[in-house]
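Me: I have a model open and some quick questions about it. Can you walk me through what was computed?

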Amino acid sequence: MENVFPHGSRCGILDAETVIQIGICGNTKMKKYAMPVIMLAVFETIAITLWLTKGNLFYLFNFSYIGLSISLGVFLFIKQYKHARRIVQLLVGLYMLVYLGLICRENMQIEGFWYYLFTGVFEAATIHYAVAKIFGPLIFGRGWCGYACWTAMVLDLLPYKVPKQPRKKLEWIRYITFAASLIFVAALFLAKVGNIERIMFWAFIAGNVLYYAAGIMLAYVFKDNRAFCKYICPITVFLKPMSYFSLLRIKCDKEKCISCGKCKRVCPMNVDVTDNSRKRENGTECILCMECVKNCPKSAL
Ligand code: SF4
Ligand code: SF4
Ligand code: SF4
């Protein structure tokens, strides 16, 4: 098989044992670029479907832009450009935070999702959640967390890219933040508060300020950039169970692996990627950042 990833790693890093594997692993030179094309095709399909069914050109622009950004990132990764993931994070993260959130005043956070859900409207945040955080993870796992989240876009700039302390047993906090967001929006509806859209906009601003403050503080306290993702983020309540079934996952070639443990040491999410089972330690935490793949001395991933 032709090597398409850094350090000569083999092309089967992503366990899409069916179509995607075949697409990536072809033996012609062009086939190594199948992945960006597949990603673009997936997003274009979503873009065109939503554009035609919703009759709104915005969806064509929105998902085409996101698809192009992700495809560009995958292409740059294949070209072994070391900032490939950062570029996607900035392209998608800033677009969603600044353009959709601040300029278009769409609350794309979890409160926005509850809000649109309660109003029964399949728009904006509900579509975003359906694609990126509920059904999308069945295909691309927690790719959202590795490449698109605007919170992680900032947290990943902090100094603790690899956790310096063992993981804490604080995951239960995410269920509290999840419930709090639901109760907050439900209370607005039950109290029949007027102009909820305006409240949602300010909740988006306040929520982001809070997330960034908590995320940065936790990163320094636990010496782990992704502490917020591991313990606090309410969205993981959706992401984790769905990504358990993800089509795309990193697999280990046991014949090549020398059990040096480097992959686990460089993993920001403490995943035991040498275990190929779906029940592997912290398996639903994988954000597909590829640090393990890049650092494996035996190209076993
Ligand atoms: S866990 Fe939450 S904060 Fe972290 S990257 Fe995923 S969505 Fe963003
Ligand atoms: S870094 Fe590679 S060789 Fe070392 S344990 Fe991980 S998969 Fe095996
Ligand atoms: S380093 Fe960890 S989070 Fe990143 S791809 Fe590997 S297993 Fe997943």
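Reply: One definition before the ligands: a residue is near a molecule if its C-beta atom, placed from the backbone, lies within 6 Å of it. This is a predicted model, where local features need pLDDT of at least 70, side-chain atom pairs count only at pLDDT 80 or more, and totals for chains, interfaces and linings use all residues. Residues are numbered from 1 along each chain as its sequence is written, while chains are lettered from A and ligands numbered from 1 in the order in which they are written.

Me: Which residues are around ligand 1?
Reply: Cys-145, Cys-149, Thr-151, Ala-152, Phe-228, Cys-229, Cys-233, Ile-235 and Thr-236. Helix H9 (150–155) and H12 each give two or more residues to that shell. Helices here are DSSP runs (H or I, at least four residues), strands likewise (E, at least two), numbered from the N terminus.

Me: How does the shell around ligand 1 divide into nonpolar, polar and charged?
Reply: Seven nonpolar, two polar and no charged. Ala, Val, Leu, Ile, Met, Phe, Trp, Tyr, Cys and Pro count as nonpolar, Asp, Glu, Lys and Arg as charged, and the others, Gly among them, as polar.

Me: What comes nearest to ligand 2?
Reply: Cys-257, Cys-260, Lys-262, Cys-263 and Cys-296, out of 14 residues around ligand 2. That shell has nine nonpolar, three polar and two charged residues.

Me: And which residues come nearest to ligand 3?
Reply: Of 13 around it, Cys-267, Val-271, Cys-286, Cys-289 and Cys-292. The shell around ligand 3 has 12 nonpolar residues, no polar ones and one charged.

Me: Switching to the fold. How many helices and strands?
Reply: The protein has 15 helices and zero strands. Buried residues make up 41% of its 301 residues. Buried takes 20 or more other C-beta atoms within 10 Å of a residue's own, exposed 12 or fewer, partly exposed in between, with C-beta atoms placed from the backbone.

Me: At what angle do H2 and H3 pack?
Reply: Helix H2 (residues 34–54) and helix H3 (residues 57–78) pack at about 175°, with axes 8 Å apart. Axes are lines fitted to C-alpha atoms, for helices over the stretch in contact, and angles run from 0 to 180 degrees between N-to-C directions. H2 and H3 are therefore roughly antiparallel; that label is for angles over 145 degrees. Their contact residues divide into 19 nonpolar, three polar and two charged.

Me: Which residues of H6 are buried?
Reply: In helix H6 (residues 124–134), Ala-125, His-128, Tyr-129, Ala-132 and Lys-133. They fall within an arc of 100° seen down the axis, so they line one face of H6. The arc is that of the directions from the helix axis to the C-beta atoms.

Me: What covers them?
Reply: The cover includes helix H5 (110–119), helix H7 (137–140), helix H8 (143–147) and helix H13 (236–243). In H13, Thr-236, Leu-239 and Ser-243 are buried. Their arc is only 65°, which puts them on the same side of H13.

Me: Last one. Where is Asn-107?
Reply: In the loop between helix H4 (84–103) and H5. Asn-107 counts as buried because it has 26 C-beta neighbours inside 10 Å. Leaving out residues up to four places away in sequence, Asn-107 touches Gly-112, Tyr-115, Ala-125, Met-200, Phe-201, Ala-203 and Phe-204. Contact means C-beta atoms, placed from the backbone, within 7 Å.

Key
Contact = placed C-beta atoms within 7 Å. Parallel < 35°, antiparallel > 145°, perpendicular 65-115°, else oblique.
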